[in-house]
Amino acid sequence: MLGICRGRRKFLAASLTILFVPAVTWIYLFAGSFEDGKPVSLSPLESQPHSPRYTASSQRERESLEVRVREVEEENRVLRKQLSLAQSRGPAHHRGNHSKTYSMEEGTGDSESLRAGIVAGNSSECGQQPVVEKCETIHVAIVCAGYNASRDVVTLVKSVLFHRRNPLHFHLIADAIAKQILATLFQTWMVPAVRIDFYDADELKSEVSWIPNKHYSGIYGLMKLVLTKTLPSNLERVIVLDTDITFATDIAELWAVFHKFKGQQVLGLVENQSDWYLGNLWKNHRPWPALGRGYNTGVILLLLDKLRKMKWEQMWRLTAERELMSMLSTSLADQDIFNAVIKQNPFLVYQLPCFWNVQLSDHTRSEQCYRDVSDLKVIHWNSPKKLRVKNKHVEFFRNLYLTFLEYDGNLLRRELFGCPSEADVNSENLQKQLSELDEDDLCYEFRRERFTVHRTHLYFLHYEYEPASDNTDVTLVAQLSMDRLQMLEAICKHWEGPISLALYLSDAEAQQFLRYAQGSEVLMSRHNVGYHIVYKEGQFYPVNLLRNVAMKHISTPYMFLSDIDFLPMYGLYEYLRKSVIQLDLANTKKALIVPAFETLRYRLSFPKSKAELLSMLDMGTLFTFRYHVWTKGHAPTNFAKWRTATTPYRVEWEADFEPYVVVRRDCPEYDRRFVGFGWNKVAHIMELDAQEYEFTVLPNAYMIHMPHAPSFDITKFRSNKQYRICLKTLKEEFQQDMSRHYGFAALKYLTAENNS
């Protein structure tokens with residue numbers, strides 16, 4: 001009743017203000033419009049400079065009066081807007097629980113919600129809108145486990161970064177897989193004013209494993225219950241988000257809602273927008289207890305300090321134990337337990353306006369939550385169907401989601417001006433290295449590429465592989481861009497062992513690849529292929545960086561350094577494992593050479609044996625690799641000897657040698673200074689030789705290069721003289737570095753180059 005009286009008093013005060021302010025103002029203006037008892041015109045058409053009554057002072061007075069008129073009219077407009085909002089929301093406010101509606105500023109049910117609605121409903125400065133300090137850090141907690149959830153987190157983070165104006169601190173409760181993926185991603189993303197902390201989800205399993213859960217999120221769907229215990233004890237408040245959330249506004253607006261909490265309110269939640277907790281979705285549907293429709297836990301505001309004082313841990317555990325005696329298991333994971341606690345303790349909740357969690361599940365009532373695009377704040381894909389969910393406006397929501405899904409994450413590396421960032425050693429070293437480069441150098445772009453940090457998303461798809469216990473396992477390593485995607489299925493058919501691939505893609509291309517892979521029975525049947533996305537940046541193809549990424553993330557003791565355009569012979573995987581033992585690769589520095597051939601035919605009957613391959617060589621269907629254009633690259637393999645060889649044989653290094661080899665996983669990385677086309681493999685083989693690797697040709701192994709259109713980089717090499725000059729310069733500098741690093745023995749590389 002008191003709230004109703006207050007509302008009426010505000011309504012009357014606003015009405016009187018609208019009537020009284022203009023009246024007083026116009027009396028004042030009218031009285032001030034007379035000079036010597038005669039009216040002074042405010043119209044510029046009636047003010048003549050040549051009139052004797054025209055003076056500088058009267059001109060200034062006239063202008064000030066005009067300004068005041070406009071100010072009063074603007075104040076009137078604002079007051080009228082506030083009054084209309086109060087009138088339109090007043091009845092819904094008085095109806096209370098008897099006729100619940102999704103108003104645009106749904107609050108906790110007292111007169112404070114009306115005031116909050118008025119303030120949020122316009123841009124006037126008349127109200128007391130809670131604000132977030134310019135450089136205040138916003139804390140966000142997310143539970144993330146597995147490969148798929150790691151991809152979802154990236155889209156969520158993009159939507160938050162796109163709108164944000166404040167420093168962010170993400171608290172990620174992650175399993176080992178998600179931590180490896182996201183730690184590398186954020187380290188290479190290098191977004192200013194963003195801090196990441198990880199908490200081991202596997203250590204928390206014992207806290208919630210006693211709760212049976214039918215929800216598809218599994219045990220990780222219960223971990224939001226233990227955040228008060230998991231997060232730092234000095235962290236007072238945090239926004240908790242599901243991974244299937246998309247932000248359409250600045251997260252600081254949500255952070256500001258903490259200022260509206262009163263009394264014992266410690267949880268900020270949006271009402272559930274389906275009939276789930278009403279228990280009428282199907283016959284014998286028996287949900288967990290909830291207050292009315294219950295609350296959705298996809299977006300939660302947690303006052304951690306107060307929750308700890310209330311002994312939240314004890315509260316939710318006792319409630320869960322009591323309810324599980326009759327319910328036996330949870331259906332919606334942590335959400336069921338949160339609602340059961342709230343049912344017993346409704347004073348804990350501050351009800352957020354529903355646009356802070358527009359839920360797109362089946363049977364949703366979310367359409368009542370928004371009238372216009374500008375009303376949307378947070379979209380929640382809280383259905384197992386995700387983007388395939390049925391909703392009247394799903395196409396619009398899907399397009400909004402896809403915008404962030406395919407958005408170039410490099411564009412989000414923007415500074416927050418005026419907010420000091422924490423010192424980042426990697427970033428400082430990078431800036432120092434770049435500052436030492438000469439921007440007037442004609443090869444500056446080549447040199448700069450060596451220091452470019454490419455955003456990297458490891459294990460983009462599910463990966464599951466345990467290396468063979470006999471320590472002979474070999475991983476095929478390769479790199480590719482979008483135009484070589486069609487080779488993946490063929491390689492998987494030829495090589496049954498583990499594969500590590502680095503893909504150079506844009507954000508949009510990464511999604512195209514995902515759809516391609518998910519639509520391929522061949523690729524989806526293979527869980528031993530690691531796909532590592534290196535996102536595009538700069539004008540060169542970072543071929544050696546890609547190779548290093550693929551090499552670094554193998555789990556086997558040996559690797560076969562190949563290229564995506566080659567198909568290995570059938571059975572090569574098992575043959576190499578036997579060769580590893582035969583040639584004692586574990587205890588010797590050897591590089592096992594797989595002879596390379598090529599065909600000019602797009603349709604090839606692949607040879608099933610060495611005898612069949614030799615026959616095709618004789619008929620001109622196959623050739624030794626690059627025989628027509630770059631003989632030196634593979635000549636030292638000695639193909640004439642290979643034709644009749646039955647045992648492995650050793651060959652010596654020669655200038656420009658670039659065979660495809662099998663080595664131990666501890667071999668040196670590729671040199672990053674070589675980008676695009678030219679000398680990227682040659683330099684690596686040279687370093688293997690400098691480290692005294694022995695080159696051994698395998699007599700019964702082979703691989704065949706398949707034809708394709710020339711790459712963009714080889715086209716640039718052939719057409720751009722400066723490109724070739726810079727490549728020559730980089731090659732000479734590499735040889736000099738080799739001499740300094742390996743001493744007198746490395747001088748042969750300079751001599752060999754001069755004689756070639």
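**Salt bridges, a covered helix, a cavity and aromatic pairs**

E313 and R317 are joined by a salt bridge in which the closest N and O atoms are 3.3 Å apart. The structure in view is a predicted model, and this pair is one place to begin reading it. Both residues belong to helix α10, which covers residues 312-327, and they stand 4 residues apart, about one turn of the helix. The two partners fall into separate accessibility classes, because E313, at 18% relative accessibility, counts as buried, while R317, with a relative accessible area of 21%, is partly exposed; the limit for buried is under 20%.

The side chains of R322 and E323 meet in a salt bridge with an N to O distance of 3.6 Å. Here E323 is buried at 13% relative accessibility, whereas R322 has a relative accessible area of 40% and is therefore partly exposed. Another salt bridge links K632 with D656, with the closest N and O atoms 2.9 Å apart. K632 sits in the loop between β21 (623-624) and α21 (639-644), and D656 in the loop between β22 (649-651) and β23 (660-664), so this pair ties together parts that are 24 residues apart in sequence. K632 counts as partly exposed at 35% relative accessibility, and D656, at 4%, counts as buried. Salt bridges also link K158, D408, R455 and D507 in a network.

From charged pairs the reader can turn to a helix and its surroundings. Helix α18, residues 543-552, is mostly covered, with 9 of its 10 residues buried. The buried residues are V543, N544, L545, L546, R547, N548, V549, A550 and M551. They pack against the strands β13 (456-457), β14 (474-481), β15 (499-505), β16 (529-535) and β17 (558-561), and also against helix α22 (680-690).

Rolling a probe the size of a water molecule over the atoms shows where empty space is left. The search of the whole structure finds 3 cavities of 30 Å³ or more, and the largest cavity holds about 60 Å³ of space. Its lining is made up of R547, L561, S562, D563, P659, Y660, V661, Y670, K681, H684 and I685. The elements that give two or more residues to this lining are β23 and α22, and α22 gives the most, with 3 residues. By residue class, the lining of the largest cavity divides into 6 nonpolar, 2 polar and 3 charged residues.

The last topic is the aromatic rings. A pair of aromatic rings is described by the distance of the centres and the angle of the planes. The search of the whole structure finds 31 aromatic pairs. In one of them, the ring centres of F186 and W189 are 5.8 Å apart and the planes lie at 25 degrees, so the pair is stacked. F186 and W189 both lie in helix α5 (residues 176-189), 3 residues apart, about one turn of the helix, and both of these residues are buried. The rings of Y459 and Y463 have centres 5.2 Å apart and planes at 45 degrees, and the pair is therefore tilted; Y459 and Y463 are both buried. Finally, W255, F258, F261 and Y350 together form one aromatic cluster.

Notes: Residues are numbered from 1 along each chain as its sequence is written. This is a predicted model: local features need pLDDT of at least 70, side-chain atom pairs count only at pLDDT 80 or more; totals for chains, interfaces and linings use all residues. Side-chain values use heavy atoms; hydrogens and water are left out. A salt bridge is a side-chain nitrogen of Lys or Arg within 4 Å of a carboxyl oxygen of Asp or Glu. Buried means under 20% relative accessible area, exposed over 50%, partly exposed in between (1.4 Å probe, protein chains only). Contact means heavy atoms within 4.5 Å. On a 1 Å grid over the protein atoms alone, a cavity is a set of points where a 1.4 Å probe fits but cannot get out, and a pocket is an open set with protein on both sides within 12 Å along at least five of seven lines; lining residues have an atom within 4 Å of a point. Grid points are joined across faces, edges and corners, and a volume is the space filled by probe spheres set on the points. Ala, Val, Leu, Ile, Met, Phe, Trp, Tyr, Cys and Pro count as nonpolar, Asp, Glu, Lys and Arg as charged, and the others, Gly among them, as polar. Rings of Phe, Tyr and Trp (its six-membered ring) pair if their centres lie within 6.5 Å; planes under 30 degrees apart count as stacked, over 60 as edge-to-face and the rest as tilted.
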